[in-house]
Amino acid sequence: RSITRGITVELPKETWDDIGGLKELKKKLQQAVEWPIKHANAFARLGISPVRGVLLHGPPGCSKTTLAKAAAHAAQASFFSLSGAELYSKYVGEGESLLRRTFQKARLASPSIIFFDEADAIAPKRGDGGSGSNTKVGERLLSTLLTEMDGLELATGIVVLAATNRPQAIDPALMRPGRFDMVLYVPPPDSESRYEILKVHTRQMKLGEDVDLQSIAESTDLFTGADLKGLCREAGIIALREDRSASRILGRHFQTARDSLRPSLTISNIE
Ligand code: ATP
């Protein structure tokens, strides 16, 4: 059987500039992920041991996946993506096989970034949730992951990134040194970040002069980055619905879009 079966690899196009706000966080990721790959020789020369794994946690739709992709783009690394939930739902043994083959392929394609979405599904706290065979599936996946991560010790140019909305559900064994030794919170955007995100998503749009992104940012409390992207698209569609030959998207189109949308976040989402 081909070792590449079920494995998807890409060279992401997303850049750091496609992510609004999160300045400090981007800097940390650059140093932890981009530098060890781009400057592997200098790390070796100075004896700096690179971070093996970074855990990103925070509410959905706030750019965890995009950050991982931007890091891969910046480091010109192959990007392997695995979903914890998907691994978990596979037939007995298939999830572990896919996990092992992905690490194998990532070594061959290095530099590489392996990204786990919904990491809490693959590494739930042992003895937590699930029952009977389900728990066994989780434990086998987790021990495979730990073995693979420990095996990275000698490999260079491979960084594992994982994302979760539920960090408290993750097995603490993953946080040992040499595993996910960097844990970063990706917060929902504040007003200033929302302004930056709106700028990103209107970059390609023709806006009327009356569009005030600052005030839209102020009136979109609890909107995620994904919500704001949707708002910009909706404003464009409203403009087009009104006039198929429209040449600008106007302030009132954004206002109507804003009024028709509800934020995804609630106070309780925020850690
Ligand atoms: P999930 O937990 O649901 O997987 P996520 O945190 O990984 O979500 P992404 O998939 O990276 O979030 O983001 C969803 C969409 O929202 C993307 O299309 C992205 O462009 C947009 N987005 C989110 N945050 C930002 C941001 N800070 N700047 C620009 N776009 C953003």
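Predicted model: local features only at pLDDT ≥ 70, side-chain atom pairs only at ≥ 80, totals over all residues.
**Notes on charges and the sheet**

1. Asp210 counts as partly exposed, because its relative accessibility is 48%.

2. On to the salt bridges: the whole structure has 12 of them. One of these pairs Glu96 with Arg140, with the closest N and O atoms 2.9 Å apart. It joins distant parts of the chain, since Glu96 belongs to helix H5 (residues 94–108) and Arg140 to helix H7 (residues 133–151), 44 residues apart. Glu96 is buried, at 10% relative accessibility, while Arg140 is partly exposed at 37%.

3. Arg194 and Asp221 also form a salt bridge, at 3.5 Å from N to O. Arg194 is in helix H8 and Asp221 in the loop between H9 and helix H10 (225–242), so the pair ties together parts 27 residues apart in sequence. Buried or exposed? Arg194 is buried, with 3% relative accessibility, whereas Asp221 is exposed at 52%.

4. Then there's Glu234 with Arg241, a salt bridge whose closest N and O atoms are 3.8 Å apart. Glu234 is partly exposed at 24% relative accessibility, and Arg241 is exposed with a relative accessible area of 56%.

5. Last, the sheet. It is open, has 6 strands in the order E1-E3-E4-E5-E2-E6, and its pairing is mixed. Strands E1 (9–10) and E6 (182–185) are the edges, each pairing on one side only. E1 runs antiparallel to strand E3 (residues 78–83), joined by 2 bridges; Glu10 has Phe79 in E3 as its bridge partner.

Technical notes: Residues numbered from 1 in each chain as written. Heavy atoms only, no water. Buried < 20%, exposed > 50% of the residue type's maximum accessible area, 1.4 Å probe, protein only. Pairing = 2+ DSSP bridges. Helix = DSSP H or I, 4+ residues; strand = E, 2+ residues; numbered from the N terminus. Salt bridge = Lys/Arg side-chain N within 4 Å of Asp/Glu carboxyl O.
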